[in-house]
Amino acid sequence: MKTPPVRNIALICGVLALATAQAVLGQQPAPKAPAAAIGAAIDVEPPVAGDSVKFLVIGDSGTGDRAQTETAAQMWKAHAIFPYEFAIMLGDNMYGSERPQDYVAKFERPYKPLLDANIAFYAALGNHDDPNQRFYKNFGMGGRRFYSYQKKDVRFYVLDSNYMNQDQQQWLDKELQSNAKWKIAYFHHPIYSSGGRHGSEVDLRSIVEPMFIKHNLHVVFAGHEHFYERLKPQKGINYFTAGGSAKLRAGDIIDKSALTAKGFDTEQSFMLVEIDGDVMRFQVISRRGKRVDSGEIRRIPNS
Amino acid sequence: MTRLLPALIALSTVFTLACNRADSAPRGAVGADGQPAPADKTPINPPIGATPGVTSDGQAVNAQGSATLEFRKRVDAYVKIHNDAEDKVPNLKRTDDPKEIADREAALGRMIMTLRAGAQPGDIFAPEYQPYFVKIVQDDFKLRSAADRKALVAELPKTVKIDINTVYPTTLPLETFPPALLRKLPDLPPELEYRIVGRSLLLRDVKANLIVDILRDVVPTIPS
């Protein structure tokens with residue numbers, strides 16, 4: 001596959017220990033949180049840099065059940081080691097009814113420690129979500145179904161993949177013209193996926209991928225598939241599916257899929273991401289606190 | 001008007017194709033299955049490519065254009081009702097109280113239902129335009145693989161019952177609307193969106209979560 005020169009992002013996964021990356025880049029580590037205070041059960045690497053952009057990635061989380069609660073507890077444990085400042089939600093923020101008590105049971109209660117710590121959430125809408133969730137302040141959508149925001153050098157584009165109408169396409173094409181150093185999009189439906197139940201959303205891909213390529217997007221996060229998958233870069237863009245933060249479709253990743261770089265579909269999971277200069281580091285933590293994937297993506301300057 | 005341009009272009013194409021087929025089939029007639037209707041059967045809907053309309057003063061008009069404008073006119077009329085209803089219920093701004101969101105959605109829905117009491121299928125999906133909707137949807141589905149067609153309706157149980165001027169079932173997900181099909185349909189204002197439920201095409205009020213019109217038997221049968 002020919003990779004456009006401006007999209008030369010090297011993906012080095014699970015090979016370099018984060019400590020090695022830290023040494024190579026000559027960066028100072030952030031002070032470690034007192035891991036002993038939260039127990040030793042979680043396997044999380046601390047961030048490399050103190051002033052990096054650090055965030056949590058969760059998807060398909062709004063069940064209100066034990067799986068969500070236990071996975072959320074690990075997120076809070078992870079925060080003590082990896083102090084992310086905000087969380088991105090990849091949709092299906094609430095399954096089933098969306099009565100006021102459901103907002104409590106499926107969001108506010110499981111993530112209470114994060115909310116109490118003033119961690120901001122920025123949600124995308126999934127197919128199970130009432131679009132009126134956009135008026136809920138804790139979802140950070142500002143009343144919009146699709147929106148963008150910036151954290152330091154990183155521009156985030158949050159799409160409503162349930163309904164990719166002309167307005168949204170025109171908005172996206174314009175917004176992607178940003179000069180941000182990093183451009184990251186997230187939305188519910190994966191345009192590349194090895195899921196047996198859903199698979200790649202090729203219809204959506206035909207609309208958004210040309211814009212992603214044209215405007216040098218670097219990374220895409222999606223949910224919908226109830227597992228974790230890191231895909232082999234597609235046309236120079238790095239794709240992650242992280243739709244298993246409460247729901248789980250065990251064994252759904254197609255064996256030997258040509259798309260998969262790493263898959264994990266035996267347990268719920270979430271991602272921790274750090275963007276530091278030209279490097280994005282990620283780690284994936286399971287419901288039981290195990291690190292099941294990690295690596296880094298290196299952005300070539302001026303791409 | 002510029003927002004209508006893609007739809008008008010698409011409709012013009014449909015019109016041209018239909019006219020070109022006029023020698024081999026009843027003029028543009030399309031049955032519910034998307035196939036040309038037999039000559040001895042009257043089509044359910046006005047035929048695509050029918051003889052252009054004639055105004056009261058005898059002037060010929062473009063049938064597709066007038067159908068599109070009629071649909072647009074009805075959409076605009078609905079938006080006026082929506083706005084009237086919004087004026088009658090408390091404003092919804094960003095809130096950290098989900099009860100405000102739920103109450104407001106319900107209140108808006110009730111108000112619109114009241115203002116549209118007696119609403120009937122086809123009130124917005126104008127009869128003049130229905131054949132075009134049918135053709136656009138069915139042509140789109142013909143281009144899709146079996147797996148793709150199935151995926152488009154996989155999220156909802158087959159027994160979902162829906163009706164006009166009622167709340168979209170709050171415990172059910174919304175099927176993702178295929179972006180490529182959306183491109184072919186007339187654009188809608190932000191108050192409304194298209195949705196597919198089973199074999200029906202819906203118009204849904206986004207803020208009120210209300211089904212405001214239904215066009216049934218549009219989506220081809222999808223084998224399970």
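I started with the interface: chain A and chain B bury about 3000 Å² between them, and 53% of that is on carbon and sulfur atoms. On the chain A side I noted A:Phe135, A:Tyr163 and A:Asp203 as the residues that lose the most area to chain B, together 22% of what that side buries. The model is predicted.

I then listed the contact, which takes 33 residues from chain A and 33 residues from chain B.

Next I looked up charged pairs across the interface and found 2 salt bridges between chain A and chain B. In one pairing, B:Glu193 meets A:Arg145 with the closest N and O atoms 3.0 Å apart.

I moved on to chain B itself. B:Glu70 and B:Lys73 form a salt bridge at 3.5 Å between the closest N and O atoms. Both lie in helix H2 (residues 63-88) of chain B, 3 residues apart, about one turn of the helix. I found B:Glu70 buried at 17% relative accessible area, whereas B:Lys73 is exposed at 54%.

I also checked B:Lys184 and B:Asp140, whose side chains meet in a salt bridge (2.7 Å, N to O). B:Lys184 lies in helix H6 (residues 179-184) and B:Asp140 in helix H4 (residues 130-142) of chain B, so the pair ties together parts 44 residues apart in sequence. B:Lys184 is partly exposed at 28%; B:Asp140 is buried at 3%.

How values were computed: Residues numbered from 1 in each chain as written. Chains lettered and ligands numbered in written order. Predicted model: local features only at pLDDT ≥ 70, side-chain atom pairs only at ≥ 80, totals over all residues. Heavy atoms only, no water. Contact = heavy atoms within 4.5 Å. Buried area = accessible area lost by both parts, 1.4 Å probe. Salt bridge = Lys/Arg side-chain N within 4 Å of Asp/Glu carboxyl O. Helix = DSSP H or I, 4+ residues; strand = E, 2+ residues; numbered from the N terminus. Buried < 20%, exposed > 50% of the residue type's maximum accessible area, 1.4 Å probe, protein only.
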